[in-house]
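Trainee: Please take a close look at one part of this model for me. I would like to start with a pair of charged side chains.

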Amino acid sequence: MVVDEGPITFGYYTTALLATAGIALASGAQFAVIGLWRRREAIYLSYALLCLCVAILAGGNALLHTARSMADATLALRVMIASAAVSFLPFVIFIRAYTGGPPQRQLQLVVGAMAGGFLWLDLVRPGTLFYSSLAPGRRIVLPWGEQLYGLTGDISNWGVLFHALTYLAFLWALFRAVAQIRGGEPLRGSLLSVCLLAQFAALLWGDVVVDALGYRYPYLDAFSFLPFVLLMGLSLAAQLHQRTVQLEQTTRRLESEAQIRRDAELNLRHVAYHDSLTGLPNRLRALDRLADLHAEVLARRQHGAVLLIDLDNFKTINDALGHPIGDRMLEAVADRLLAAAPAEALLARLGGDEFVLVLGPLSGDAEAAQAQAQAVAERMVARLAEPVMVDSRILAAGASVGVAVFPSGEADVADLVRRADIALYRAKAAGRNAVRLFLPPMQQEADTRLALERGLRTALEQERMPAQFALHFQPLVSRQGDLLGAEALLRWRHPQLGELSPSVFIPLAEETGLIHALGAWVIREACAHIRAWDRDGVAFGDRLAVNVSAWQLAQPQFAAQLEAEVRGAGVEPSRLTLELTESALLQDFDSALDTLRQLAAAGFRLALDDFGTGYSSLSYLQRLPLDVLKIDRAFVSELHPSASTPLAGFIIDVAHRLGVAAVAEGVETVAQRLALERLGCDGLQGYLICRPVDEAGFRQWLAEREQARSLPQAQRPSSDAGGTARDVGLTRERP
């Protein structure tokens with residue numbers, strides 16, 4: 001029974017409740033939008049849901065105190081309790097997010113289940129969650145005369161549990177706020193503490209003053225949330241503003257970094273496609289342009305050309321004056337090439353002292369294109385032949401150019417550059433400061449050279465030397481006819497190309513560095529033959545001559561290694577005569593002289609081959625520890641009855657004055673032999689004596705010679721047996 005019946009009035013208290021509800025609802029809507037905009041960020045969405053619960057609580061409180069009936073009041077109370085129960089979950093989520101703690105899924109599930117249970121009890125129990133039974137109570141009269149509807153009833157155990165859990169939740173939140181203050185966020189933690197203490201005071205007011213002491217005052221729960229809504233809203237707004245400012249700063253920083261990155265990318269692109277010294281396009285850019293031009297001229301049935309330019313004497317300048325001067329020289333060369341190049345052409349530096357010029361499209365047919373390309377190349381050669389002023393120095397380098405016109409059946413641009421390189425190699429071989437066009441025969445020669453190099457490398461690496469290589473032997477006799485020994489000459493039977501002359505593969509072995517392995521094999525084979533002949537009692541003259549390359553002589557420790565290998569094979573070094581050409585002495589005479597002295601000290605006999613055809617110098621000749629001076633076949637071939645002052649005689653006289661033996665090679669006629677005998681030549685070697693033969697043929701020749709010498713003088717064959725040598729003009733035999 002409602003006592004003190006009187007009219008329900010609408011006054012300041014109810015208005016304040018509605019205002020609180022409106023403020024909470026507006027704040028919740030605002031932060032709900034912010035939370036959704038910020039990709040469903042938990043702190044904003046949970047705060048928006050809390051504000052919605054506060055708005056419902058305040059609105060329900062206003063409906064309760066202005067109710068016209070018990071049913072209306074009970075419904076309003078159920079709504080208030082429901083909003084309070086639902087608020088547990090967003091409250092926990094918000095506190096964890098606000099104080100910086102990680103989300104705890106298990107805690108959220110427990111709190112959500114508890115809130116769901118309270119909500120269900122509130123809806124099904126007749127007295128709501130808080131009361132076992134409900135009845136109209138006395139009206140609440142406020143000091144200013146406003147009258148509010150009141151309810152009374154027996155508090156249920158579920159209501160006591162709800163209040164206890166509410167206190168526990170507020171204490172947990174207060175603990176988190178204190179931890180936040182201690183963790184270095186005093187302002188945020190203090191704001192949260194103020195809000196929690198205000199709500200805690202409101203709870204105590206309702207439980208102590210209203211419920212325990214029985215004073216007729218309304219609960220202040222809804223008003224206690226107003227500081228929470230206002231202060232937390234301000235805090236979150238300040239945080240949002242700070243994050244916005246940080247985001248703007250980050251955006252500006254990212255934009256600045258993006259600009260720096262774009263500038264760096266442009267710089268890297270320039271570096272990637274241009275030479276750092278001359279500023280010209282580099283190899284990568286040149287190949288890209290060449291590929292584009294190649295596709296263009298193919299599509300339009302036109303022509304283009306690539307010119308490979310290499311300086312002739314740049315290494316000398318670089319070594320003599322240093323790299324800074326060399327760099328200045330390259331810059332000056334680049335400027336001259338740019339001035340001489342056509343406007344539409346691309347000039348690039350490939351690296352070192354090598355440049356490339358890409359011409360095209362060129363008008364006319366292939367011959368006209370070749371003429372245009374050659375004219376440009378010759379203009380560049382002429383321009384680079386002029387002296388260059390570098391730091392008060394007048395320097396001249398000169399250049400060679402290889403030209404390849406396309407299309408001409410090339411597979412790709414790499415094939416095209418390779419053709420230009422072949423033509424450049426030909427220009428260098430022609431004496432430099434020249435221009436050469438690529439022609440199909442050049443490709444065939446390059447293919448043959450590649451096949452030889454591969455075959456030579458394969459034979460050495462796969463230990464196929466005995467199957468493809470063999471030593472042939474050419475006897476050496478004195479002018480009285482006594483056998484002095486023999487010279488070992490290397491022969492190569494290529495699997496596809498057949499038997500090859502040493503003049504073909506020895507220069508290739510020297511250029512590729514394979515001469516060292518090849519020379520070591522020759523020494524081992526020579527030692528093996530000496531041991532075999534000694535074992536079988538073959539009288540071969542006791543000495544075997546082996547040719548030595550200049551590259552072998554320049555190798556460090558060559559003398560020590562050779563001595564160790566020969567002695568290890570069971571052969572005395574004195575039984576080997578090492579023949580070297582004058583070219584072996586040209587690069588570093590002092591070093592070569594030191595090596596020769598080591599070889600002589602080890603017991604090896606030394607012979608200077610092809611004397612007189614190179615850069616002969618009597619000043620260094622007398623310093624060499626030589627045992628033999630070999631007269632080149634070019635001087636032997638001049639020996640005939642009409643020759644007045646043969647140079648062979650001068651060489652023999654020089655050898656004798658130096659105290660060394662003179663040996664003539666290439667003796668092919670009886671007249672030559674007689675002339676050499678008259679001149680006092682110590683040794684004879686050539687087709688007249690015996691052609692180079694394999695090991696079996698050499699043994700047979702020795703046996704036949706021994707058999708012939710055992711016959712009476714009248715029965716011996718004529719000394720010119722064999723007649724005039726065949727194949728006159730054959731190249732010099734080399735290992």
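Mentor: D415 and R419 join their side chains in a salt bridge, 3.9 Å from N to O. The term means a side-chain nitrogen of Lys or Arg within 4 Å of a carboxyl oxygen of Asp or Glu. Both residues sit in helix α13 (residues 413-429); they are 4 residues apart, so about one helical turn separates them. Helices here are DSSP runs of H or I, at least four residues, and strands are runs of E, at least two, numbered from the N terminus. D415 and R419 are each buried. Buried means under 20% relative accessible area, exposed over 50%, and partly exposed in between, with a 1.4 Å probe and protein chains only.

The model is predicted: local features need pLDDT of at least 70, side-chain atom pairs count only at pLDDT 80 or more, and totals for chains, interfaces and linings use all residues. Residues are numbered from 1 along each chain as its sequence is written, and side-chain values use heavy atoms, leaving out hydrogens and water.

Now set another helical pair beside it. E677 bridges to R673, with the closest N and O atoms 3.2 Å apart. These two lie in helix α24 (residues 670-679), again 4 residues apart and about one helical turn from each other. E677 is partly exposed at 27%, whereas R673 is buried at 14%.

Next, R493 and E499. Their closest N and O atoms are 3.0 Å apart in a salt bridge. R493 is exposed at 52%; E499 is partly exposed at 44%.

Salt bridges also link E487, E579, K630 and E665 in a network. The whole structure holds 23 salt bridges.
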